[in-house]
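I opened this entry to keep a record of what I looked up, going from the whole chain down to single residues.

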Amino acid sequence: MRANYLFTSESVSEGHPDKVSDQISDAIVDLFLSKDPEARIACETLTTTQLVVLAGEIRCKGVYEDGAWAPGAQEEIEATVRRTVKDIGYEQDGFHWETFRFENNLHGQSAHIAQGVDASDNKDEGAGDQGIMFGYATDETPDLMPATLYYSHKILERMAADRHSGAAPFLEPDTKSQVTLRYEGSLPVAATAVVVSTQHAAGYDTGAKEAELHAYVRKVVADIIPPVLLRDTVYHINPTGSFEIGGPDGDAGLTGRKIIVDTYGGAAPHGGGAFSGKDPTKVDRSAAYITRYLAKNIVAAGLATRCTIQLAYAIGVSKPLSLYVDTHETGTVGDDLIEAAIMNIEKLGGLTPRGIRTHLGLNKPIYRKTAAYGHFGRKPEGDFFPWERTDLVEDLKAALA
């Protein structure tokens, strides 16, 4: 690993068009899981000027059975979509929660997919797709996340809170951030550049109003990034100039296009599968959550200061094809010993899809909250973000004793 280098991560706000799509897709996941914990959902969302389109496949008792919608189901889906957009804050001529056109193109799940995923006779529930999934943790921040992404998320979370509360009424929903840090060894020592591009009310691109917006952004950054890092920092605030037209009116949004923002900001590998819009039988989602959970607990246990974990699955097959642990030469025990310990912890269920869902309690309507500001590095509260708990520390230590 290089001793000195620059590294950058970006985040996008809840009002970014792709994030609007992610939140709608996960609102649909939550709706169906609230009706049927065993529902199967693969919901993709397209957003553009005054239009939202849903597509994908579902299976949900009491909502969609035998090729037909239950009475009132389609109306409830549309109401859920409009409420999601309203909560984000879109009431613009080019994208308004109350007046956009809506299309629901969801349909029944393929029987050929269902036969591979469902448990039957002596066959356990299989993975909802093939693929590789990665989890990561590092001791750079209290949440065991890469600092570049951690600060990028926190800047946008603060700006969104100020927009919703009215503390910054000139802000509109679509915002992006980017933080570049200089590292010496494994520790960040300076923020060399901060980029914030925010959609704004009319007039905040010139004169005193522009200065007000810039001063506000600098204050947010100063509140989020420790002062010791803000030495000779270069700021790029709305570097293109005006940013009045934004969100789905400014650029089309699609579910699953912000997978690096959703995970580790480029500091760790990514298997390529998106999370939002998928029920937890899809290992793109559930296995990515369990690998984060494992990596975080390994670092929290003091077994390493950095950890990357990979899992691989085949569609319809319950047992993982491989488990790979890499502590990047920071481990206190061998990576192979950690791998063996993980597979010997009974409560993890052999890391089968069913075992993951059972241990983390994933068959619940907990997903819309994940769809903005990252799936990882969040606070576990009640049923939400269970993969962020550090309750496996003692089990790991016992398995390695």
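Predicted model: local features only at pLDDT ≥ 70, side-chain atom pairs only at ≥ 80, totals over all residues.

**Entry 1, the whole chain.** I looked up the elements and found 11 helices and 15 strands in the protein. The radius of gyration is 22 Å, close to the 21 Å that the globule rule gives for 401 residues, so I wrote the protein down as being as compact as a globular protein of that length. Along the principal axes, the C-alpha atoms fill a box of roughly 70 × 60 × 30 Å. I found that 56% of the 401 residues count as buried, and that the accessible surface comes to about 16200 Å², with 50% of it belonging to carbon and sulfur atoms. Of the contacts with a separation of 6 or more, 72% are between residues 24 or more positions apart. For charge, I recorded 39 positive and 56 negative side chains, with the centres of the two sets 2 Å apart.

I placed Asp 66 in the loop between strand S4 (64-65) and S5, and then Pro 71 in the loop between strand S5 (68-69) and helix H2 (73-88). Asp 66 has a relative accessible area of 85%, and because the cut-off for exposed is over 50%, I count Asp 66 as exposed. Pro 71 is exposed as well, with a relative accessible area of 84%. I also looked up the separation of Pro 71 from Pro 37, which is 34 residues away along the chain, and the C-alpha atoms are 20 Å apart.

Most residues other than glycine have a negative phi. Asp 66, which is not a glycine, has a positive phi near 55°, and I found a positive phi of about 55° at His 328, also not a glycine. His 328 sits in the loop between strand S15 (322-326) and helix H9 (335-344), where its relative accessibility of 24% makes it partly exposed.

What does the side chain of Gln 50 join in a polar contact? I first located Gln 50 in the loop between strand S2 (40-48) and strand S3 (51-59), and noted that at 17% relative accessibility Gln 50 counts as buried. Its side chain joins that of Thr 99 in a polar contact of 2.9 Å. Setting aside residues up to four places away in sequence, I listed what Gln 50 touches: Asp 93, Gly 94, Phe 95, His 96, Thr 99, Phe 100 and Arg 101.

Is Trp 97 buried or exposed? With a relative accessible area of 17%, Trp 97 is buried, and I found it in the loop between strand S7 (95-96) and strand S8 (101-108). Beyond its neighbours within four places in sequence, Trp 97 is in contact with Arg 82, Val 85, Lys 86, Tyr 90 and Glu 91, and with the side chain of Glu 91 the side chain of Trp 97 makes a polar contact of 3.0 Å.

Terms used:
Residues numbered from 1 in each chain as written. Heavy atoms only, no water. Helix = DSSP H or I, 4+ residues; strand = E, 2+ residues; numbered from the N terminus. Rg over C-alpha atoms; globule rule 2.2 N^0.38 Å. Buried < 20%, exposed > 50% of the residue type's maximum accessible area, 1.4 Å probe, protein only. Contact = heavy atoms within 4.5 Å. Areas by Shrake-Rupley, 256 points an atom, 1.4 Å probe, with all protein chains shown as cover. Lys, Arg positive; Asp, Glu negative; His and termini not counted. Charge placed at Lys NZ, Arg CZ, Asp CG, Glu CD. Polar contact = N/O pair within 3.5 Å; in protein donor to acceptor, adjacent residues only side chain to side chain.
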